[in-house]
Amino acid sequence: MSEFRSGSFIGEACEGRVLVVDDEPDIRKVVKMTLQKAGYEVLEAENGEKAIEVINSGENRLLLDVVICDIRMPKINGAEAVAYFRTNYPRVPVIVLTGFPDTDMATSFLRQGVVDYLVKPVEGEKLRAAVARAMDQRELARL
Amino acid sequence: MERPRHTKVAIVGAGRGGHALLDLLHRVPSIEIIGIADRDPAALGLQRAHELHIPVITDVLDLIRNHGASLIMDVTDDPEMEAYLHAHRPPTTDILSGSSSRLLWELVQHESKLEAELLQSEKLAGIGSFAAGIAHDINNPLQLILGLSENLAEERDLAAVHEQARDIIEAVKRTSAICRDLTRYSRRASPHEDVPVSVNGKLDEALRIARYASSFHDIEIIKHYQPGVAVLGNPDELLHVFVNLITNAVHAMEQTRGTLTLETAVLHGEINVRISDTGCGIAPEKIPEIFEPFFTTKAPGKGTGLGLYNVKTIVNKMHGVIAVDSQIEKGTTFTLIFPNRELTG
């Protein structure tokens, strides 16, 4: 499962480990680019099924800090994946990043404990701020 | 025993009125059009009659006397012709002419306008369900464009700048293709525009549009296209037929996931199009109803019930037939058969 551990080197300052779940490679690429600039290590998964695989593999169980998850995806979709993360990894904050603004859906996600509901296109600054906020919440949860 | 009522109609005048009558009457099973006549051999309706395999009889007297017409429809709006027909008709033959014929013409026009309205309103009602798909397909490239542009503002590596600029251009093209597809789909079909339409091309275009209406994730698509298959018809209307059938097929597989198969072939000189799914199937007792207007199995607000009705109307207008074969929990196949009018015409 070493292919999931990209971009981190021993000794490099790492702000945290973020998993980006989106079926569009372009989105994963650009989100990764945006977050790496802020010093995050970024893992990728192309659907909910892969995302669950990633979070369950090796040290990710303990070291994954934040999940950013799309909704409209093949295999296990975003809603199913979010429910899985909330149930099995309540310590990991989830940010939804979707192409379709839907108030009802947003409300239901926030009720499930999703920390942020962002609609594409989202500016790098906003995305980094949302991840930073999520990291703080994770710290609080650990205390 | 009741005898089948069968009206044998002779049409006099092949202008716009005659043309419209042909289009309307040939779809009514109880009406047989025995022939059409016009003084002008280049009249619009005569060409249409050839396409519909309706005899063109040059001599009006021959048409009204020798072919067993029970009703003569005079759409020439010419008082002399009206007088001539009254003088020469066989005693048992009725004549529709003058103001009654004009009234009929107005009703025909009204009917075709209503049909077009119905098609358009069903199409627009369907577009509402595209919102999620469109938002997804536009916002994803926008995310890429925004992210890359932000990066370009500070990027120093010239090669990376070039690559990302190219990515942005591609993303813009993808986004504008969405708008092109949708405007083409949502526009009102222009009337009387029968041209050769590539069936394979229209199926592919319909696939792109149907993706907005329903999630194709986890649906395998198999295409068996015979190259170069074309039918005569209105491209916008044929697109609508395919979008409708494909969307239904995908909806039928929503719970199970499955395979969508699109096939085209020329068999025995006829054009065959098959759209099959491996979805939930249609209950046998429902099958006779599916082409009826306002029949729907969808939840209130989800379907207009006009989809298959409009599909059948369009297919019949193209002189084709549509058949359905379905098994519960196994899947459904819609088969469309069109005459090869290009070869005969």
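**Close-up views of a predicted two-chain model**

**View 1. Surroundings of A:Leu19 in the predicted model.** Apart from neighbours within four places in sequence, A:Leu19 is in contact with A:Leu43, A:Ala45, A:Ala51, A:Val54, A:Ile55, A:Leu64 and A:Val67. A:Leu19 is also one of the residues with the most contacts inside the largest nonpolar core, together with A:Ile68 and A:Val96. That core has 43 residues.

**View 2. Helix 8 of chain B, residues 199-213.** The helix has 15 residues and spans 21 Å from its first C-alpha to its last, close to the 21 Å expected at 1.5 Å a residue. Its buried residues include B:Val199, B:Leu203, B:Ala206, B:Ile209 and B:Tyr212. B:Lys202 and B:Arg211 are buried in helix 8 as well.

**View 3. Contact between chain A and chain B.** Here 18 residues of chain A are in contact with 16 residues of chain B. The chain B side consists of six nonpolar, eight polar and two charged residues.

**View 4. The cis peptide bond between A:Lys120 and A:Pro121.** Omega is about -5° for this bond. A:Pro121 sits in the loop between strand 5 (116-119) and helix 6 (124-142) of chain A.

**View 5. Positive phi at B:His268 and at B:Glu329.** B:His268, with phi near 50°, is in the loop between strand 8 (258-267) and strand 9 (270-277) of chain B. B:His268 counts as exposed because it has 7 C-beta neighbours inside 10 Å. B:Glu329, with phi near 70°, lies in the loop between strand 10 (321-327) and strand 11 (331-339) of chain B. B:Glu329 has 9 other C-beta atoms within 10 Å, so it is exposed.

How values were computed: Residues numbered from 1 in each chain as written. Chains lettered and ligands numbered in written order. Predicted model: local features only at pLDDT ≥ 70, side-chain atom pairs only at ≥ 80, totals over all residues. Contact = placed C-beta atoms within 7 Å. Nonpolar A, V, L, I, M, F, W, Y, C, P; charged D, E, K, R; others polar. Helix = DSSP H or I, 4+ residues; strand = E, 2+ residues; numbered from the N terminus. Expected span 1.5 Å × (residues − 1). Buried ≥ 20, exposed ≤ 12 C-beta atoms within 10 Å, placed from the backbone. Core = buried A, V, L, I, M, F, W, Y, C linked by C-beta atoms within 7 Å.
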